[in-house]
Amino acid sequence: MKKRWYSRYVVIAAISIMTGLPGALAYAADFTGKQIVDVSISDNKTLHDLSIVKLKPGDTFNAEVIQQDLKTIYDLGSFYDVQANFVEVPEGIKVVYVVTEKMMVKNINFVGNKAVSSETLQNLSKGMIGNLSDNKIIDEKVQAIEQYYHDQGYILAKVSNITMDQEGIFTIFINEGIVEGIVVKGNEKTKTHVITREIKLKEQEPFNAKDAKRSLQRLNNLGFFEDVNMKLNPGREPNAVVAQVDVKEQKTGTFTIGGGYSESDGVTAAIGVGDSNFNGSGNKVNVNFQHGYSSIAGTGWNLNFTNPYIDKKETSLSVDLFNSVNEVSDYGLNGDNTKLRSTYYRRSRGFNITLGRPEGEYVKNYITLTKRKDIYLEHESGTVDYSAAYGEDGYDSNYADYIQKNFGEVHSVTLARVYDTRDNVFSPTEGHRISLTSEFAGKALGGEFDFNKYILDARKYFKVGGQQVLALQVTAGTSSGDLPDASKFSVGGIDTLRGYEDNEFKGDKMFTATAEYRYPIANKLQGVVFADAGNAWSGSYNLNDLKYSIGAGIRVNTPIGPIRVDYGYGKEGGKCHFSFGTQF
């Protein structure tokens with residue numbers, strides 16, 4: 001015969017009185033005013049003295065007195081269950097206090113646990129086996145079990161029942177709170193499977209609040225939605241839920257166009273079109289064209305395609321094809337733009353192919369194959385025309401071999417490992433991101449240059465108010481071998497060292513550090529105050545040569561993406577920077 005433990009005596013009495021369920025005090029309303037003709041205790045080998053109970057034969061039925069008697073008997077400490085049964089006879093009511101004496105607990109079995117192993121639950125129940133059953137101890141162990149579940153994120157899990165047989169075997173029944181289904185609403189463009197593959201909750205598995213939170217973060221990190229929410233609807237089974245994910249889509253397509261005119265370049269034009277959620281598939285496509293600069297520079301273009309899920313293991317594939325033209329300025333060894341050496345055009349053409357695969361939830365590894373050819377096109381301005389430097393008096397020792405050392409084909413393999421716990425990759429408020437990147441280029445791969453590059457980048461975010469964030473970033477890089485100009489580290493400009501010219505400092509080593517305080521101004525408008533430090537150099541370096549700047553800026557969230565406007569002030573004066581995208 002099994003006894004139910006979880007219905008403790010006080011709860012039994014109170015519930016029976018209020019609900020009128022069959023059992024201990026089920027017919028209390030009918031007994032009002034009736035006389036008690038007999039009071040006894042059954043199933044009892046320990047308690048024989050009825051003087052401890054207040055209810056006596058000849059008394060009028062009183063539910064409160066009976067409830068006090070139940071508590072008095074339980075507080076003796078010899079019983080783990082106490083109930084009151086009533087027998088109606090012509091003379092009145094017979095009251096029988098039914099007690100279940102404590103037994104030695106020989107073993108504990110668990111039923112219904114999938115998320116937490118029975119071994120773990122056994123450890124949480126230590127102290128019960130080998131001792132008499134005791135409701136206080138059982139209460140403590142139940143609370144410990146439920147608290148452990150909740151700490152792991154299983155906030156719906158609970159102990160639903162406990163039974164004990166005559167052999168002293170305890171059985172603890174656990175209801176972990178199953179997810180019966182996942183429903184997605186609000187997606188008109190984005191395909192449902194693109195959303196559900198980011199949700200860590202699984203149907204017919206226990207609901208986990210940590211997985212639910214992470215699922216919302218992953219959906220926000222897609223950049224497809226203006227808002228994402230999740231609510232839990234009751235399921236068909238007790239304690240089961242249906243997770244409903246509501247999304248509000250935002251524009252993911254972009255179209256940019258620009259142009260200009262100068263006497264040296266004539267008319268220049270640029271056009272770009274892309275979609276980070278192409279056809280609702282979650283794939284990213286971008287195409288950019290540029291034309292002008294000069295008759296020699298001609299047209300440049302770039303094509304990018306990214307598929308974040310090429311298999312069930314979340315392997316990503318990104319392909320970049322490019323034939324671009326860039327205006328390059330050489331600011332000299334000291335980065336002093338008052339001694340500008342040269343500005344010229346460089347064409348870079350080739351491809352990057354990147355495969356990425358996650359390792360757990362927060363780590364992802366990447367491998368990139370690169371083939372790039374850099375071509376010197378045309379001198380625009382400055383003191384040196386590298387293409388005409390050969391054989392000129394005064395330039396041979398410094399510039400005669402510049403083109404040979406800096407232009408040609410680079411074939412490389414890049415390995416990267418990224419640990420990223422940011423809550424939102426577009427506008428993080430907490431978490432951190434640490435990446436280690438190593439690039440290996442060599443003639444053995446078919447290129448013309450031998451070099452290795454190593455970069456460590458660390459970012460940390462702190463909430464310092466309701467919507468205020470302190471963001472920190474430190475980046476360090478070093479290299480070995482002979483780096484061509486296009487592969488050298490460069491520091492300066494809106495992404496590294498504000499208040500200085502873009503890529504003003506170059507070298508085979510670099511260091512940058514940024515602290516940025518971000519605060520809301522209005523809807524979709526954010527202000528920032530920042531301090532930057534950094535430099536790039538070759539050979540030995542003196543810390544006194546580190547460049548510094550301070551400044552402020554604004555961020556505007558627009559349909560085509562975030563717009564940044566920063567003003568930085570450094571050693572060379574102040575400079576305003578404008579760009580699309582976020583700082584870091």
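Start by selecting Glu314, in the loop between β14 and β15 (316-330). Strands here are DSSP runs of E, at least two residues, and helices are runs of H or I, at least four, numbered from the N terminus. This is a predicted model, where local features need pLDDT of at least 70, side-chain atom pairs count only at pLDDT 80 or more, and totals for chains, interfaces and linings use all residues. Residues are numbered from 1 along each chain as its sequence is written, and side-chain values use heavy atoms, with hydrogens and water left out.

Stay on Glu314. Its phi is positive, about 65°, although Glu314 is not a glycine. Most residues other than glycine have a negative phi. Glu314 is partly exposed, at 26% relative accessible area. The scale: buried is under 20%, exposed over 50%, partly exposed in between (1.4 Å probe, protein chains only).

Next, select Asn279. This residue sits in the loop between β12 and β13 (283-292). Asn279 also has a positive phi, about 55°, and is not a glycine. Is Asn279 buried or exposed? Asn279 counts as exposed, at 54% relative accessibility.

Now select helix α7, residues 209-221. Its 13 residues should span 18 Å at 1.5 Å a residue, and its end C-alpha atoms are 18 Å apart, which agrees. The expected span is 1.5 Å times one less than the number of residues. Color the buried residues of α7, among them Ala212, Arg214 and Leu219. The buried residues pack against α6 (192-196), β9 (225-234), β10 (241-249) and β18 (408-420), where contact means heavy atoms within 4.5 Å.

Last stop: Gly223, which follows α7 and has a positive phi, near 80°.
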